[in-house]
Every structure is written in structure tokens, then in C-alpha cells.
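This briefing goes through a structure by topic. Keep the sequence and the 3D view at hand while reading.

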Amino acid sequence: MRVSRLRAAAGGAAFGVLGTLLLATTAQAATLTVWWNKGYYPSEDEATQAVVKAWEEKTGNTVNLSLYSTNNIDAKFISAISAGEVPDVAYADINDFLIAPQQAWKGNLVDVSSVVEPLKDKYTKTALLSSYLYNNELHKRSYYTVPLKQQALHNFYWKPMIKEAGFSVKDIPNQWNAYWDFWGSIQKKLRADGKRVYALGFPISAVGTDNFYTFNQFALAYGAHFVNPDGTLNLTPETRKAAIATLTFIKDKYDAGLIPPGAINWQDSDNNAAFLSKQLIMTSNASLSIPVSQADDQKVYHEIGTGMQPLGPDGKPIKSLVAVKVAFIPKGAKQPDLAKDFLSFIAQPKRLDGMLKAARGRWLPVMPELIKDDPFWTDPKDPHIPIAVEQEVTGPTAPWPMVYNPAYAQVNAEEVWGKAEGDVVNNGITPEKAVDNAFAQIKKIFSQYQIEK
Amino acid sequence: MNWRKSRPQQNQAASASLRGARLPADEPLASHRFSPENLWGIAFILPYLAVFCLFVIYPIGYGLWLGLRLESFEALFSDPIYWRTVVNTLLLIIVGVNLKMFLALLLSGFFLQRYRLMPLLLLIFILPWAMPSIPTFIAVRWLLNSQWGLINNVIWAGWQVDGPGWLTDPTLAMGGVIVFYIWKWLPFWTVIFIAGRTAIPEDLYEAGRVDGANKIELFRYVTFPMMASLYLICTVLSMIWTLGDYNTVRFITGGGPTLSTHVLATLGIRDAFEIGEPSVGMAAVISALPVLVPLVVLLVWRMNKERVQL
């Protein structure tokens with residue numbers, strides 16, 4: 001009797017242990033929902049899927065990965081956050097521009113300091129600043145996003161057009177005015193031969209992101225700092241003067257017929273298309289998307305030149321306005337701890353490097369050690385990537401103003417500067433008046449985003 | 001048959017039969033409500049009600065809840081581009097829709113003429129409508145592009161001058177939206193009116209001809225009166241659809257230049273998802289209700305009236 005009771009007890013205990021183990025295993029295997037921006041090339045998506053698979057194998061969890069196109073993803077994220085049905089991890093190429101600063105402000109993002117802090121020494125200062133956002137619910141700043149990659153505005157030109165006009169790449173000046181006039185002189189010569197080309201492909205519309213990237217980079221070159229690092233507005237007379245100078249610079253080029261008239265209604269892809277169809281001699285564009293899209297045709301890839309920014313109007317080097325592409329965990333995510341683990345996994349230098357190379361170098365690393373460790377980024381035979389690296393990773397950089405105050409993200413979203421450009425070149429408004437109108441709108445937007453000191 | 005006239009008689013008969021049919025004296029009314037027939041009826045109607053609540057009541061209610069906030073309307077009305085957007089929307093639904101419907105009415109007569117190549121011509125004419133709207137409008141955008149568009153390239157090739165800024169001049173851009181909106185939807189309404197015209201008895205035209213009516217008089221005194229109800233219903237319906245039309249503006253002008261060609265549908269999406277203020281976006285859409293609701297009421301009233309005449 002006693003033996004049988006002991007057997008029964010032992011059997012029960014074993015069953016219990018096995019059952020507990022089974023339950024524990026079942027409980028550990030969780031599903032993480034990840035929404036990710038679809039890449040421009042199949043290799044980008046494959047790299048994302050490979051990292052996801054590696055994490056699944058390491059942790060035993062599964063990932064429900066959804067890839068959304070760039071055109072839909074902002075609406076998807078904003079709808080999800082508004083409805084409270086959010087994924088565990090969200091990455092979009094425009095998170096930094098239009099989503100993360102505002103959502104961090106509203107307290108809709110999970111603090112990811114535990115992901116960023118261990119990697120702090122590896123990131124550039126600009127990348128770290130770009131993730132250090134203000135939460136208006138808690139009235140403090142913290143890391144609410146994880147930096148993955150970055151972009152800056154680069155100048156691209158057609159080498160054969162320069163040659164056709166009787167110049168060489170070495171003739172491109174380094175001084176501000178001479179640099180821009182150089183492209184005008186090429187246009188003049190090519191037009192004299194009956195070619196319908198424009199010197200400068202500046203996006204100056206009120207749609208998309210390229211236009212405000214171009215304007216803000218030029219404004220920075222003229223010394224405009226619209227927002228102080230503490231998040232307060234800096235609309236001083238000096239800033240006004242710099243903004244007027246920027247609009248005047250654009251208006252002069254437009255009036256001189258150097259910028260295509262259609263540029264005031266360009267969408268993001270339009271300057272790419274105009275440049276690649278050889279209707280532009282040069283264009284400014286964020287990221288290396290223009291040359292990289294031609295990587296399969298090495299002849300064209302090498303016919304396109306990527307140039308360093310000229311010295312600023314004051315003769316000093318210009319800081320590159322760097323947009324850091326970030327992932328975040330929305331508040332309400334079902335698996336926030338697993339999401340942090342996933343982001344820590346993906347943010348490891350080697351994994352980021354693999355993903356960036358899969359994008360053919362379109363985006364650049366946020367960790368300088370990748371540049372040192374991987375010759376891909378410094379290959380002197382490549383006509384684009386090392387120059388871009390020199391400009392936006394090792395050169396002087398600045399974060400976007402919305403990092404300091406999310407109100408500036410709304411300034412961009414409302415296309416305040418795009419509208420000012422349109423008013424100046426198309427509606428007969430003076431640069432002074434356009435800047436005053438823009439400042440009035442900016443002040444109104446900032447009044448809704450007061451940061452406590 | 002005028003069924004509405006006959007309906008009171010049917011109702012009277014039904015009422016009489018109900019009055020005659022007595023419930024058992026000891027059976028309470030509640031038990032009759034839960035009779036097997038009623039329960040089956042409820043069971044059959046429940047899935048429809050659930051779907052209706054889930055996919056109609058909830059989204060509309062949620063949208064209204066999102067948009068009906070005073071601060072959303074304050075933000076919307078203080079947006080410098082809102083009133084311009086209202087004017088554009090009215091231009092599209094008043095000028096665009098009416099011009100389109102009138103042209104469709106005229107063209108429906110043209111396509112009913114008995115020429116050998118007319119079916120082929122109709123086939124070609126229908127193509128813009130038959131093609132999916134997004135690639136069609138993207139093609140239009142490229143056609144109108146100032147630099148590499150077909151029209152201005154032809155002008156450059158011929159005269160070495162830059163053509164008009166079709167998409168860079170606000171007036172030309174809004175005009176382009178209206179023209180290509182008409183071009184896209186004209187075939188659909190033309191086909192509807194062709195169907196309407198074929199339902200007009202030929203006897204009426206013959207009688208008109210016997211009375212010495214010419215073609216214009218036949219149109220004025222036979223076609224138009226017979227088509228009037230269909231024309232009005234189609235116009236109202238088209239106005240309702242056009243109020244929600246997003247693709248035309250989005251893919252031809254993108255709302256530009258300088259945000260001057262937005263309509264309420266595109267402004268709502270811009271506010272909700274580009275600026276990230278869903279409540280302001282909903283407010284933009286809700287602000288169309290003062291136009292939309294009367295149109296829907298007119299449509300329902302008119303359709304109800306038409307049913308009486310059949």
C-alpha cells in the first residue's frame with residue numbers, strides 16, 4: 001500500500017514536473033509582431049527576414065513580420081496608434097520625420113534606454129541625439145527610439161554633361177556662389193546646343209520630404225538654427241536674415257531658369273526621375289538612392305558623380321543635416337520586453353552592417369566602427385559611398401530640429417517652408433514676407449509644444 | 001402598375017385578416033413575440049445586424065467620435081489652405097460633375113447613331129474608365145509634367161520654348177484636375193445614359209417626327225423629359241461619389257502647387273496621416289456633411305418618387 005502510494009506520488013510528481021516544463025516551454029514561445037518598411041531592393045527584405053529568422057532561432061520565439069511599402073506605412077502606424085492596436089516593433093523610413101517625435105511627445109512610445117544605453121559608445125553623437133526625445137507626459141527626455149541607419153543631402157551630377165560642356169569634374173568649384181554658378185554655365189552651354197536641360201534639380205514643392213530636406217540644409221548653410229537644443233524656438237533677427245537669404249538664393253536660381261519650373265510641384269521621386277532621364281545636370285537628394293538605383297548598370301553608376309557639399313556662404317564647412325532612421329516600440333505593445341530584446345539583437349553592429357549592405361549602401365551606418373571595420377564603406381573605386389561617408393559620418397553633422405522639439409516635425413508635415421518657396425517663386429511674394437508668414441505659422445505650431453525647462 | 005396606390009388596399013386586407021385572427025385567450029402577448037417563427041426571423045437577421053454594426057455603425061461612429069471635437073474644427077478652420085480646399089471641392093462637384101453629366105447626355109445620343117464603326121469608337125471611348133484609376137492618373141501626371149511630359153516636349157521639339165506649367169500654375173492645375181476627372185468618368189455615365197435612352201419607346205420619336213419635330217425638338221420634348229429623372233439621380237449620385245474622390249487630385253497634382261489644389265478628400269488624408277492628426281483629418285471629412293447629407297436625402301427622396309411612377 002505504502003509502495004503503491006509512493007509510486008503514485010512519484011508518478012504524480014513526475015507528471016507535474018513534465019507538465020510544468022511543457023507549460024513553461026509553451027509560455028516562453030511567444031509571437032512578436034513586427035511592422036517593417038519594405039525595402040527598395042529584394043535583398044533588403046531578404047536581409048530583414050534573415051535577421052528575424054536568426055532571432056527566432058536564438059530565442060525560440062516566432063515573429064509575425066509584415067512589410068509595408070513606404071507610401072502606406074505612415075498611415076498604417078498612425079491608424080494603429082490611434083486605435084490602440086499596435087505592433088510590438090515598428091520601423092518606417094519616415095519614423096524620424098513624421099511619427100516618432102510626436103508620438104514620443106504624446107507618451108505613446110516605450111522607453112528603450114535599455115536597448116540604446118549598452119550601445120551608446122558605438123553610435124555617433126547625432127544618432128544618439130536623434131533618439132533622445134521629449135515625453136510631455138513625464139516631462140522628461142529619454143531614448144524612445146533605436147537608431148538603425150542614416151541619410152543626408154548629397155549632390156549628384158552627370159559627368160558626361162560636364163565633359164560635353166567643356167569642363168571636367170576637377171573644375172567644380174568649392175566656394176558657395178562659384179559652385180552653384182558652375183552648374184548654370186554648363187546649362188548655358190548645353191542649351192546652346194539645343195539640349196533641354198536644367199542646371200539645378202532642387203525640389204521646392206509642398207509635398208513629400210525632399211523639399212524640406214533641401215530647404216533646411218540650405219538654411220543651415222546660411223546659418224539658420226530654428227530651434228535651440230533645449231527645444232525652444234530661435235526665431236531671432238539673425239535666423240530671419242538667414243531664412244530670407246535661403247529663399248532669395250532659391251528664388252534667384254528659379255528666376256534665372258536654372259531650376260525646372262515643375263520643381264514646385266515635384267513629389268519625392270520626381271527629381272530622381274528627372275535626373276535619371278538626364279534632364280537635370282545636378283540634383284540634391286537625401287540618401288544615395290539615385291546612384292545606387294543604377295548599381296546594376298556599372299557604366300551609368302560611374303557616369304553619375306557624387307560631390308561633397310561646397311563651403312558655406314561664410315566660407316566655412318557646412319554641417320550635414322542628418323536624418324537618423326529609427327525603430328520604436330509603441331505603448332500598448334503586447335510583448336514590450338521581447339520587443340526590446342529583438343531591437344537589441346538587430347542593433348548589433350554586424351547585423352546592422354549586413355542590412356545596410358543589402359540596401360547597396362543607400363543608407364549609411366550610425367556606428368562609425370562599421371566604417372573602420374568594413375572596406376565596403378571606404379572602397380576608393382566606388383564613386384559614391386566613400387564620399388557620402390566622408391560627408392555625413394566622419395564630417396560635421398547636425399540633427400534635425402524636431403529632435404529638440406516635435407513641433408518642427410509638424411512644421412515639416414505642414415510644409416511651411418515648401419509653401420514659402422512656392423509663394424516666393426510662383427505667387428509674387430517677397431522672401432521677407434514669406435519668411436514672416438512662415439515664422440507666424442511656426443510660432444503657432446510651437447505654441448502647442450511647450451517644453452518645460 | 002401603380003403599386004403604391006394598391007398598397008393601402010393590401011394593407012387594409014392584411015389588417016382585416018390580422019383583426020380576424022385571434023390569439024388564444026390564455027396565451028400572453030410575450031410568448032407570441034417569442035414564437036418559433038419570430039425567433040427564426042431574429043436568428044436570420046442577427047448576422048446581418050452584426051455585420052452592419054461592425055462594418056457600418058462602428059466605423060462611422062468611431063470616425064464621428066474622432067472628428068467631432070471643437071479643437072479639431074478650430075485647427076481645421078485656422079488652416080490657411082482649408083477654405084481654398086472647400087472652393088476646389090465645390091468647383092469639382094458643381095462644374096466638374098455637371099459638365100461631365102451634360103457631355104455624357106449628349107454623347108449618349110452620338111453613340112446611338114447607327115454607323116458601322118460606332119461600336120469600335122465606343123470601345124475606345126470607354127478605355128479611360130475601364131483602366132484602373134491610379135495608373136491612369138499617374139500617366140496623366142506624366143503627360144502634364146512641365147519638363148518631361150509629352151505635351152511640353154512636343155512644344156519644345158517644335159518651337160524650342162517651354163510650354164505652360166500645367167501642374168505648376170494653380171489655375172491650370174485645378175483646371176487639369178477637372179478636365180481629366182471628366183475624361184476619366186465620362187464614359188461610365190455615357191454608357192448609363194445610352195442604356196436610359198434605349199429604354200425610351202421608339203413610338204414617341206415616331207409620333208414626334210409625324211408632328212414635324214426636328215432633331216433638336218425631339219431631344220428637347222422627348223429625350224430630355226424622359227431622361228430627366230435618370231439624369232437628376234445620376235448627377236446627385238455622381239456628386240456624392242465625387243465628394244469622396246481621392247485619386248484624381250492625389251495622383252494628378254498631389255494637392256500642389258503650394259497646396260492649392262487639395263479637395264476635402266485629399267486634405268482629410270493629409271491631415272490624418274501626413275500631419276499625423278487623425279481627428280483633424282476626420283473633421284475635414286465631416287465638414288463635407290452639410291453638402292453630402294442634403295444630396296443623399298435628395299437622392300433617396302427622388303428614387304422613392306421614381307418608384308412611385310413606375
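What percentage of the 453 residues in chain A do buried residues make up? Buried residues account for 51% of them; a residue is buried if 20 or more other C-beta atoms lie within 10 Å of its own, exposed if 12 or fewer, and partly exposed in between, with C-beta atoms placed from the backbone. This is a predicted model, in which local features need pLDDT of at least 70 and side-chain atom pairs count only at pLDDT 80 or more, while totals for chains, interfaces and linings use all residues. Residues are numbered from 1 along each chain as its sequence is written, and chains are lettered from A and ligands numbered from 1 in the order in which they are written.

**Chain A overall**

- Chain A has 20 helices and 12 strands; helices (H or I, at least four residues) and strands (E, at least two) are DSSP runs, numbered from the N terminus.
- Taken along the principal axes, the box filled by the C-alpha atoms of chain A is roughly 110 × 50 × 35 Å.
- Of the contacts in chain A between residues at least 6 apart in sequence, 76% join residues at least 24 apart; two residues are in contact if their C-beta atoms, placed from the backbone, lie within 7 Å.

**Domains of chain A**

- Chain A is assigned domain 1 (30-151 + 324-397) and domain 2 (153-286 + 414-446); such bounds come from an automatic or database domain assignment.
- The C-alpha centres of domain 1 and domain 2 of chain A are 29 Å apart.
- Six residues of domain 1 of chain A contact four residues of domain 2 of chain A.
- The domain 1 side of this contact in chain A has four nonpolar, two polar and no charged residues. Ala, Val, Leu, Ile, Met, Phe, Trp, Tyr, Cys and Pro count as nonpolar, Asp, Glu, Lys and Arg as charged, and the others, Gly among them, as polar.

- Helix α17 (residues 385-392) of chain A is largely enclosed by the rest of the structure, because six of its eight residues are buried.
- The buried residues of α17(A) are I385(A), P386(A), A388(A), V389(A), Q391(A) and E392(A).
- Their cover includes strands β6 (146-151), β7 (153-158), β10 (304-307), β11 (320-328) and β12 (397-399), and helix α16 (368-373), of chain A.
- K381(A) is in the loop between α16 and α17 of chain A, and is exposed, with 7 other C-beta atoms within 10 Å.
- K381(A) and H302(A) are 79 residues apart along the chain, and their C-alpha atoms are separated by 9.7 Å.

**Helix α19 of chain A and its partners**

- The axes of helix α10 (residues 237-255) and helix α19 (residues 416-426) of chain A come within 10 Å and cross at roughly 45 degrees. That makes α10(A) oblique to α19(A).
- Axes are lines fitted to C-alpha atoms, for helices over the stretch in contact, and angles run from 0 to 180 degrees between N-to-C directions. Angles under 35 degrees count as roughly parallel, over 145 as roughly antiparallel, 65 to 115 as roughly perpendicular and the rest as oblique.
- L247(A), I250(A), K251(A) and Y254(A) of α10(A) meet A420(A), E421(A), V424(A) and V425(A) of α19(A). By class, this contact of α10(A) with α19(A) has six nonpolar, no polar and two charged residues.
- The axes of helix α9 (residues 210-221) of chain A and α19(A) come within 8 Å and cross at roughly 80 degrees. α9(A) and α19(A) are therefore roughly perpendicular to each other.
- N211(A), F212(A) and F215(A) of α9(A) make this contact with W417(A), G418(A) and E421(A) of α19(A). The residues in the contact of α9(A) with α19(A) are three nonpolar, two polar and one charged.

**L233 of chain A**

- L233(A) is in the loop between α9 and α10 of chain A, and counts as buried, with 20 C-beta neighbours inside 10 Å.
- Not counting residues up to four places away in sequence, L233(A) touches V227(A), K443(A) and F446(A).

**Chain B and the interface**

- Chain B is divided into domain 1 (30-67) and domain 2 (80-309), with 37 Å between their centres, taken over C-alpha atoms.
- The contact between chains B and A takes 22 residues from chain B and 29 residues from chain A. Helix α13 (residues 264-274) of chain B gives the most to the chain B side, with three residues.
- By class, the side of chain B that touches chain A has nine nonpolar, 11 polar and two charged residues.
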